[in-house]
Structure formats: C-alpha cells, structure tokens
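Today I am opening my notebook on a new structure.

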Amino acid sequence: MDSLTCTASDLVPLLSSSANATALASFLCARFSTISSQLSDATHAVDNTYLLFSAYLVFAMQLGFAMLCAGSVRAKNTMNIMLTNVLDAAAGALSYYLFGFAFAFGAPSNGFIGRHFFGLKEYPSPDGDYSFFLYQWAFAIAAAGITSGSIAERTQFVAYLIYSSFLTGFVYPVVSHWFWSGDGWASPIRPNNLLFDSGAIDFAGSGVVHMVGGIAGLWGALIEGPRIGRFDRAGRSVALRGHSASLVVLGTFLLWLGWYGFNPGSFLTIMKGYGGGGGYYGQWSAIGRTAVTTTLAGCTAALTTLFSKRLLVGHWNVIDVCNGLLGGFAAITSGCSVVEPWAAIICGFVAAWVLIGFNMLAAEFKYDDPLEAAQLHGGCGAWGLLFTGLFATKAYVNEVYPGLSGRPYGMFMGGGGKLLGAQIIQILVITGWVTATMGPLFYVLKKMNLLRISREDETAGMDLTRHGGFAYVYHDEEDISMRPAFVMTKIEPNNASPSTDGQRSPSNV
C-alpha cells in the first residue's frame, strides 16, 4: 500500500492561490497521516486476528490427537493416553515459554540457535506479537503429540513428562530456528543463506514438525521394544486393535479441520497484495490455494489407501483410510503454498504408498508403533520435502519468498536440482539432530528404569494400575496380551443315550 503521508512543503505549490496555503497544506497532511495510521492499525488488527484464529485451529488439533490416540489403543489404556495428550499441551506451554520460543525465534542471533526472548522478555517486538508466540507454541506441542502415539500403552508417565518438556523446549525449537527463523542457516527468508544461497522450503513443517515428532517416536519405540503380544513366539505380527473406530474417525476429522490453520495459517498475515496491489489477487488468494492443495493431497491419499489396502488384504478398512488421509496431509505440508493443485494429487498418491511401504517394513523388522506415527509423520514428511524440491513452481516460490532474484524452484518444473538438494540436506540434518538428542534421552530413561512400565502393569492396563480405574466398562475379548500362552479347553461328555422306543430322549431335545 502506497504511503498516505505528506509534508506541507509538498502541497504549498499546489495551493499557491490561497491566502492561507501553508495552513491548509498542514491541515490536509495531518488528515492524510491520520488516515494512514488508521489503515496501518486496521492491517495489523486483521493480520493478528487471522493468526490468532489459525492458532486456535492448530491447538484444536490436540483434541484430534487425543481422540485418534484414544481410539487407536486398547480400552484398558484410554485414560493414560488421554492424560499424555493433556500433558503435551501443559508441559509444552511452560517449556516453550521459558526456553523454546527464545531458542527458535530469539533474534538477533546466530544461524544455529536463538538468544533472546526467554520467558517472553522484551516481547512483543516490531517483528512479532503475542499471537505469533501462541501460534508457534501450538506447532511445538503438535510435534510432541506425534511422539506420544509411537510409545503408547507401555511408557511410564514420568517419561512422558521428561521427553515432552525436552522436545518442546529444546529439540524442536532448534530445528524451527534453522528453517523458519530469519537468522537460521537454512532458512529461505535469510539474506545470504548458507544453504545454496536459497535455503530449504518447508512452508508449514513436513520436516520441522512431522519429521521431528516422527523420528523422536521412532527412537522411543525402538528403545522401548514392542508391546506384549504384538508379535507371537514365532515372530509373526499380531494385530492389537484399537478399541474404537468411532474415536479414530472423529479424531481424523478434527485433525483435518485443524490442518486449515496449520497450512494456510503459516502465511502469518493475510492483508498483503501481490503485483503492486489493487487487484483481486493477493496473499488471500495464495491462502485459498494452500487450503485447496492441502485438501486434494489428503483426499487423494485416503482414496489411494482405500483401494490399495482392498487389493492387498481383501477388505475396506476405515482405520487405514484415516491414516492414509493424515499421511497425505503430512506430506503436502512442506510445499502446500508453492505447488499447483494438480501436483498435490501426485503428492497424496505417493504418500499413501510411502505409508503402506513403511508399515510393511515395520512389521518385517518387528517395530511396534500403535498409531503408525513414525511411518506416517516421519516417512510421509520426508516424502513431502522431496516432493517440494520436485514440483515447486517459480511464480509461487517468488510470491511466498520474495526478495531473491534467481531463487531455485522445483526440478520437474524447470528449476534445476538446487532446491531438491536443499530438501535432501534438510531430511538428513533433521534425522541426525533428532537421533543425536532424543535417542540418548530415551536410552538414559531406559537405563534408569523410567521408560517402560512393568510386565504386570502392561498386561492389566495402565488405567487400572496407574490411574485409579478404567475409563469405562469394557470387555477386551480380543486382547492377545491377556491370554495365557497355552489354553486348555474342558470337553464335556455327551450324556445322550439311545431311546428304546426310537424317540429322542429329553437330553437330546
């Protein structure tokens, strides 16, 4: 928007015929300045309201995580998994307030970690308001929620408290600083970027959020080991089904709704014109396009999973469809703002097969993840970063990340391989960082006997042994872990005897 400010000296020549030209010019300039200030205030108000609304949607995803997790575990662990979801938000809020936000966005800083705004000291600043903090906190606890699904049904409560605080207070903020902060060494908004002079494009967090949470969960589940009964004595996979498909579907729809704050909300502002302004096309259009690409990727992944699993296992499975849908969302999150809608369909199609393939590998290597969180968020998140390096368009990249001439874009769109190379480096760096931090943490917790619950508690269920009782009355008839290794069946004798008159005896009636 052009400036509405002026000075009296600008207008005096135009008002030379007036006896009070200087006074009139000063009066008009004062009115222009007032209008300009009011428009600026309105712009800030609209942008902050938009960001706050997006933050509320992203926070509502915690409810989706809670429902999804509750439905995916057995009934005897429902209260436990619900409590861990509340803990992710509560412990994450304090750790992110005290340390995490400063490590992520505490500018000015170096390329590795932030150094200001601890406990929101000297904040807000000209570069951000409280709405930005709230939005980023909602992202941080989403990463912690992903990890909790991987280690569900067998993890001590204190371990949740420790890992959640560490992840949201240090591990995740450092990664978000690298790729989202204006000072981050791989951030696309940093001048003179250290990564191919352009940085990696991870618009809403396929890598920063989903890969961080997924890889952390991978190490937690690997170090903890599978749940009792997940694999039989011969090493064959045994399905430990969740107790409520209804909760899974409810949680999936809530997450779907929240993703419209997660991806479109990552623009942070909405009152911004493109191409000089004055037309119908602006950042509000890019936000709408981002919502469309998000929708198409998730829906394509859901349908691909539906028909693929029908061919592979012979039936239609709503749980698989829900996971496929979420896998498509996790994949498109990186490039949702810089790809065409038709490319989002390709993203969702491949994401479905990435999830199916990683689930097959998990069963082969006897890896147990009750919510498929590592496969879904880690695997599909990595594919999303690669997809962005292949399909990001030149026009959209320059709209979303302006100010750098010759910025690389998708290889399949004619932009060469520099962006794809940056995306691959991001995958490797995130994998290495999370492995180097969360892996040792889970290992130390295991050595201190703080990670896994006892065999007796796991068999009985943590709701009964740790939380004072079951969430509701239930019958886990298919719970393999509750059955003994050998079951003997009593065979009753047949009391029927032949009748002398050829009629059936009463015992045969």
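Predicted model: local features only at pLDDT ≥ 70, side-chain atom pairs only at ≥ 80, totals over all residues.

**Entry 1: Phe105**

I started with Phe105, which I found in helix H3, residues 78–105. Helices here are DSSP runs of H or I with at least four residues, strands are runs of E with at least two, and both are numbered from the N terminus. I looked up the exposure of Phe105 next: it is buried, with a relative accessible area of 11%. For my own reference, buried means under 20% relative accessible area, exposed means over 50%, and partly exposed lies in between, using a 1.4 Å probe and protein chains only.

Which residues does Phe105 touch, leaving out those up to four places away in sequence? I noted Tyr96, Phe117, Phe132, Gln136, Trp180 and Ser181. A contact means heavy atoms within 4.5 Å. I also checked Ser176, which is 71 residues from Phe105 along the chain, and the C-alpha atoms of the two are separated by 8.2 Å.

**Entry 2: what kind of model this is**

Residues are numbered from 1 along each chain as its sequence is written, and side-chain values use heavy atoms, with hydrogens and water left out.

**Entry 3: the whole chain**

I counted 15 helices and zero strands in the chain. Of its 509 residues, 52% are buried. I then took the contacts with a separation of 6 or more, and residues 24 or more positions apart account for 72% of them.

Next I walked into the loop between H3 and H4, where Pro108 sits. A cis peptide bond joins Ala107 to Pro108, with omega at about -5°. Pro124 is in the loop between H3 and H4 too, and the bond to Pro124 from Tyr123 is cis, with omega near 10°.

Glu122 also has its place in this loop. Its phi is near 60°, a positive value in a residue other than glycine. Is Glu122 buried or exposed? I found that Glu122 is exposed, with a relative accessible area of 62%.

Asn449 lies in the loop between helix H13 (418–447) and helix H14 (455–460), and it is exposed at 61% relative accessible area.

**Entry 4: the nonpolar core**

I learned that a nonpolar core is a set of buried Ala, Val, Leu, Ile, Met, Phe, Trp, Tyr and Cys residues joined through side-chain atoms within 4.5 Å. In soluble globular proteins, nonpolar side chains tend to be buried together. The largest core here has 118 residues, and Tyr172 and Val209 touch the most other members. Helix H4, residues 130–150, gives the most to this core, with 12 residues.

I followed up on Tyr172.

A cavity is a set of points on a 1 Å grid over the protein atoms alone where a 1.4 Å probe fits but cannot get out; a pocket is an open set with protein on both sides within 12 Å along at least five of seven lines, and lining residues have an atom within 4 Å of a point. Grid points are joined across faces, edges and corners, and a volume is the space filled by probe spheres set on the points.

I found one cavity of 30 Å³ or more. The largest cavity holds about 110 Å³ of space. Of its 14 lining residues, Phe65, Leu68, Leu371, Ala373 and His377 are the closest to the centre. The lining divides into 10 nonpolar, four polar and no charged residues. In this count Ala, Val, Leu, Ile, Met, Phe, Trp, Tyr, Cys and Pro are nonpolar, Asp, Glu, Lys and Arg are charged, and the others, Gly among them, are polar.

**Entry 5: the second largest pocket**

This pocket has a volume of about 990 Å³. Among its 35 lining residues, Arg230, Ala239, Lys309, Asp320 and Glu372 are the closest to its centre. H10 provides the largest share of the lining, six residues. I sorted the lining of the second largest pocket into 16 nonpolar, 11 polar and eight charged residues.

**Entry 6: cysteines**

Last, I searched the whole structure for disulfides and found zero; a disulfide is a pair of cysteine sulfur atoms within 2.5 Å. Cys69 is buried, with a relative accessible area of 1%, and Cys299 is partly exposed at 27%.
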